[in-house]
Amino acid sequence: MLNYTTPEEAVRLIESHQRVFIHGSAATPTTLINALAARREELKNVEIVAITTLGPMPLVAPECKGSFFMNSLFVSENVREAVNTDQGGYVPIFLSEIGHLFRNKILSVDVAMVQVSEPDIHGFCSLGTSVDIAKPAVETARIIIAQVNKQMPRTHGDGHIHISKFSAAIYVDEALPEVDYRAKITEKETQIGHHIASLIEDRATLQMGIGAIPDAVLNSLNHHKDLGIHTEMFSNGLLELMKSGAVTNSFKKKHPGKVVAAFATGTADLYRELHDNPEFSFHEAAYVNDTAVIRKNPKVVSINSCLELDLTGQVCADSIGSYHFSGVGGQMDFMRGASLSVGGKPVMALTSTTKKGATKIVPFLKEGAGVVTTRAHMHYVVTEFGIANLYGKNLRQRAYELMRIAHPDHREDLEKAIVKRFGSFIYPFR
Ligand code: COA
C-alpha cells in the first residue's frame, strides 16, 4: 500500500549540495519540479542532472541561481539559455553510457525524481514513456521521489519499479506533455523522406532520430514490407507506419515481433497506444543503444539529423558554434550500430540550408562546434537535393559528393573552397 504525501513534503527530502536526477521527455515530473523550485530560498548548490525535459523548468529561472545548477546530459529548449551561462553546464556523453556514469559513481545520483504509472496489483509501477536513463538512475539513487500519474501509460519491457523503493510519493492525474514533429514537416523534409525511402529495403530495422525529417521519411514507407523497429525514440510517425501495416518486426533477431524503444515522445494518441501494450518493449538506453545489440538486427537503417556538416563529413549536432543547443544522445550509438549490422545503412539527413538560407554544408565547422559523429562513421548524407555516399571515399571525393547535394545557391562558393583546399585535380578513378 502506497501512502501519498504532498509535493511540498516529498521534496523536503532534498538537501543542499545533493545531485538530483530528473526524469525526462514526456515523463518530466512537473509538479515535483515546481515544488522543488519553491524551496529555492532554503537550498544551495543542488545539482540537477537530466536529458531532455519537457514543459516549464523553473529550476533554471534567474532567481534560482545559486540554489540549483543545471548539469545537462542533453540540452533541451527549456534549459538552453541557462546551460549557456554559469547557471548550468553541458556533459557530452553517449546516451548508451549515461547509465555507466551513474552506476560507476562518476556521476552518482543522490535523489531521483521520477514520474511513474499507478502501481499494479503486485505493487510495481512503470517508468512509462521514458526508461532510457531513468532505470539506472532509480537503481542507483539513495532517495527516490515518485510522481505517480494516473495518465502515465504502463509500458512493457524492463522499466518497472516497486513501490517499496520510494522514499516519498505524490499522486497526480495530469496529461503528459505532447510533441508532434509532424507539424514541422515542409516540402523539403518530404523530399528528403523520398530520397531516404529509396535506401530502405523491405525487412529493414529502423531507428529514427529527433526532428521533422525522421517523421517525413516514415510517410514514404507505407508500401514497404516487414519492417522492424529498434529505436531510441518512438514518435507518432512510427505509430502511423505501424498502422499502415508496413511493420511486422518479424525479421528482427532481437525481440522479434516487438517494437523496442528507450523512450517515447508524441501526442496523447501515442501515449494511449503504449498503455499495457505488449507489442512495445521499453528498455534502458545502455541496452537499446548498445552497438552489440543494434548490429544483431538485419539491415539496420539509422536516420539522424544535424546542425552542420563539413565537406569532409564531420557532423556537428549538439552546438551552433560554441552555443550548446542539443546533445550527443544516441546518434553515434546508432550510426555505428547500423554500419555494423548486415546490410545496415547509417543515414545523416539535413535540409541543405537553415531557415535563414545559410548553408549547413560548410567548408569548415563553426568555431567551437562539437563533432558528434566523426567522418569515419559516415556513410549516407541526404538533403532535399539528393544522396551522397561518403563511405570509402577520400576527403576530396567527399567534398565533391557533398557539394553536389548542397543548395545550388552555395555550390559555387563550396567549389571554390574545395579547390583552395584540395587543388583543382578531380579524382579520376571509379
Ligand atoms: N547554423 C545556425 N542555426 C542553425 C543551423 C546552423 N547550421 N542549423 C540549424 N539551425 C537552427 C535552425 O534554424 C533552428 O532554429 P529555430 O529553432 O529558431 O527554428 C534550430 O537550429 C533547430 O534546427 P532544426 O533543423 O529545426 O532542428 P531539428 O529539430 O531537425 O533537430 C538536431 C536537429 C541536430 C538538433 C537534432 O537532430 C538533435 O538534437 N540531434 C542530436 C542527437 C541525436 O541525433 N539523437 C538521435 C537519437 S534519438
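1. Thr353 sits in the loop between β19 (345–349) and β20 (361–362). Helices (H or I, at least four residues) and strands (E, at least two) are DSSP runs, numbered from the N terminus. This is a predicted model: local features need pLDDT of at least 70, side-chain atom pairs count only at pLDDT 80 or more, and totals for chains, interfaces and linings use all residues. Residues are numbered from 1 along each chain as its sequence is written, and side-chain values use heavy atoms, with hydrogens and water left out.

2. Is Thr353 buried or exposed? Thr353 counts as buried because its relative accessibility is 6%. Buried means under 20% relative accessible area, exposed over 50%, partly exposed in between (1.4 Å probe, protein chains only). Neighbours within four places in sequence aside, the contacts of Thr353 (heavy atoms within 4.5 Å) are Lys188, Ala358, Thr359, Lys360, His407 and His410. With Lys188 there is a side-chain to side-chain polar contact at 3.5 Å. A polar contact is a pair of N or O atoms within 3.5 Å; within protein, one must be able to donate a hydrogen and the other to accept it, and residues adjacent in sequence count only if both atoms are side-chain atoms.

3. Now the end of the chain segment at β20. Strands β20, β15, β16 and β21 form an open sheet of 4 strands, in that order, with mixed pairing. β20 and β21 (371–373) are the edge strands; each has a single partner, so one side of each lacks a neighbour in the sheet. Two strands pair if DSSP finds at least two bridges between them. β15 (residues 308–310) pairs with β20 in the parallel sense, over 2 bridges. Asp310 has Val362 of β20 as its bridge partner.

4. Strand β12 (residues 259–264) is mostly covered, with 6 of its 6 residues buried. β12 runs parallel to β11 (residues 228–234), joined by 4 bridges. There, Phe234 is partnered by Ala264 of β12. β12 also runs parallel to β13 (residues 280–282), through 3 bridges. Ala261 is opposite Phe282 of β13.

5. Two crossovers involve β12. One right-handed β-α-β unit is made by β11, helix α8 (residues 236–244) and β12. Another right-handed unit is made by β12, helix α9 (residues 268–274) and β13. Right-handed means that, with the strands pointing away from the viewer, the path from the first strand over the helix to the second runs clockwise.

6. Helix α7 (residues 212–219) is largely enclosed by the rest of the structure, because 7 of its 8 residues are buried. These are Ala212, Ile213, Pro214, Asp215, Ala216, Val217 and Leu218. Their cover includes α6 (187–197), β10 (205–208), α8, β14 (300–305) and β19.

7. Arg182 lies in the loop between β9 (168–172) and α6. At 26% relative accessibility, Arg182 counts as partly exposed. Beyond four places in sequence, Arg182 touches Asp215, Asn236, Glu240 and Thr267. Its C-alpha atom is 24 Å from that of Met57, 125 residues away along the chain.

8. For Gln331, the corresponding side-chain distance to a ligand oxygen is 2.9 Å. The protein covers 78% of the 980 Å² of accessible area that the ligand has on its own (Shrake-Rupley method, 1.4 Å probe; for residues, only the protein chains shown count as cover).
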